[in-house]
Protein chains: 2
Amino acid sequence: MSLLAAPLERVIAELGKLPSVGRKTAQRLAFHLLQAPADEVRDLAQALLDLKDRIKVCEECFNYAEEERCPVCQDARRDRSVICVVEEAVNLVSFERTGSYRGLYHVLGGALSPLRDIGPGDIRAQELLDRAGREELTEVILATNPNVEGEATAVYLARMLQPTGVKVSRLAQGLPAGGDLEFTDDLTLQRAFEGRREY
Amino acid sequence: MSLLAAPLERVIAELGKLPSVGRKTAQRLAFHLLQAPADEVRDLAQALLDLKDRIKVCEECFNYAEEERCPVCQDARRDRSVICVVEEAVNLVSFERTGSYRGLYHVLGGALSPLRDIGPGDIRAQELLDRAGREELTEVILATNPNVEGEATAVYLARMLQPTGVKVSRLAQGLPAGGDLEFTDDLTLQRAFEGRREY
């Protein structure tokens with residue numbers, strides 16, 4: 001028999017399924033919610049229910065959306081001639097936070113990975129090619145992750161887009177801002193060398 | 001205009017209200033939930049709704065309970081002659097985890113704090129006195145926190161219980177298991193000296 005009341009145990013178990021939420025954290029959150037105003041807990045529960053019921057995928061860029069098109073694609077002020085290709089919708093948030101990109105996005109929904117058996121058919125590569133053919137593009141920026149799978153995906157997409165004649169670029173790799181040369185790994189250092197620019 | 005769909009923003013905002021969950025963590029959890037099976041999200045939401053609707057306070061020890069009495073108080077195998085007094089219901093979990101305590105509990109719901117204007121009337125002190133008069137007790141263990149407020153509360157409760165004649169004890173203070181003398185603070189060291197026991 002558990003020493004905690006069953007509804008409390010259930011919340012702890014459910015919260016514990018979230019990434020990076022262990023038993024102790026789940027317990028702390030559950031006890032917090034017990035003491036929180038009932039409205040706050042109901043709001044959270046309702047928001048969670050709405051999440052699954054009301055979220056769709058943007059039919060243009062495959063970002064998460066409440067309507068047919070996501071807030072970015074709906075925004076008339078965005079530059080529709082540039083597409084930034086990201087692996088996941090969550091990556092888009094990071095770019096938006098910088099405030100310096102005003103084009104559109106394309107969410108692949110993953111990266112190529114022979115090891116995990118993810119091929120071109122499993123990511124939205126064809127959809128990107130379709131968009132490149134349909135829209136008046138000046139540039140496609142490949143913003144997949146700077147790891148093996150992201151690099152492979154970028155190479156694949158660059159080749160795939162070549163026949164369309166659109167300019168394809170890749171995010172710069174090099175030293176992170178505020179980084180320290182002493183603690184920079186070899187590969188980053190090598191890429192910083194390769195990508196050096198004239199003053 | 002936010003770049004995230006409104007239902008997603010709402011989940012992030014609601015999750016961000018939880019203790020030690022910042023914007024970034026809330027965002028990561030929300031994107032995880034978006035990709036999680038719908039059932040899992042519904043289960044979490046339902047567990048949260050049930051939490052507020054179905055959790056009561058045990059009428060005996062004031063632990064959280066689903067029925068009139070909490071699982072501990074209902075357990076016939078517990079030793080009903082000992083009461084361990086804790087500040088919050090969450091503390092009870094720690095004691096239960098040790099598996100070495102088989103008595104009952106009493107949840108005060110806080111500690112005395114003149115600074116935060118919390119007096120004896122704001123914690124369940126009278127209720128403890130009532131229990132001490134009603135039940136056949138051999139011992140009351142004061143397990144409030146080893147800080148200023150917890151100590152003050154323990155001293156207050158010990159004096160309050162004196163007329164009842166019941167044995168009142170306080171948790172031992174000293175070196176934590178696996179601790180290092182070099183890094184032990186002065187007060188802990190002092191208490192470890194005071195509380196030393198003969199071999």
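Biologist: What makes up the count of positive and negative side chains in chain A, and how many Å apart do the centres of the two sets lie?

Modeller: Chain A carries 25 positive and 32 negative side chains, with 2 Å between the centres of the two sets. Lys and Arg count as positive, Asp and Glu as negative, while His and the chain ends are not counted; each charge is placed at NZ of Lys, CZ of Arg, CG of Asp or CD of Glu. This is a predicted model, in which local features need pLDDT of at least 70 and side-chain atom pairs pLDDT 80 or more, whereas totals for chains, interfaces and linings use all residues. Side-chain values use heavy atoms, without hydrogens and water, and residues are numbered from 1 along each chain.

Biologist: What secondary structure does chain A contain?

Modeller: Chain A has eight helices and six strands, counted as DSSP runs (H or I, at least four residues; E, at least two). Their order along the sequence is α-α-α-β-β-α-β-α-β-α-β-α-β-α.

Biologist: Why is chain A called more spread out than a compact globule?

Modeller: Its radius of gyration is 22 Å, well over the 16 Å that the globule rule gives for 199 residues, so chain A is more spread out than a compact globule. The radius is taken over C-alpha atoms, and the rule is 2.2 Å times the number of residues to the power 0.38. The C-alpha atoms fill a box of roughly 65 × 50 × 35 Å along the principal axes.

Biologist: Which domains is chain A divided into, and how many Å separate their centres?

Modeller: An automatic or database assignment sets the bounds, giving domain 1 (6-54) and domain 2 (77-170). Their centres, over C-alpha atoms, are 35 Å apart.

Note on methods
Chains are lettered from A and ligands numbered from 1 in the order in which they are written.
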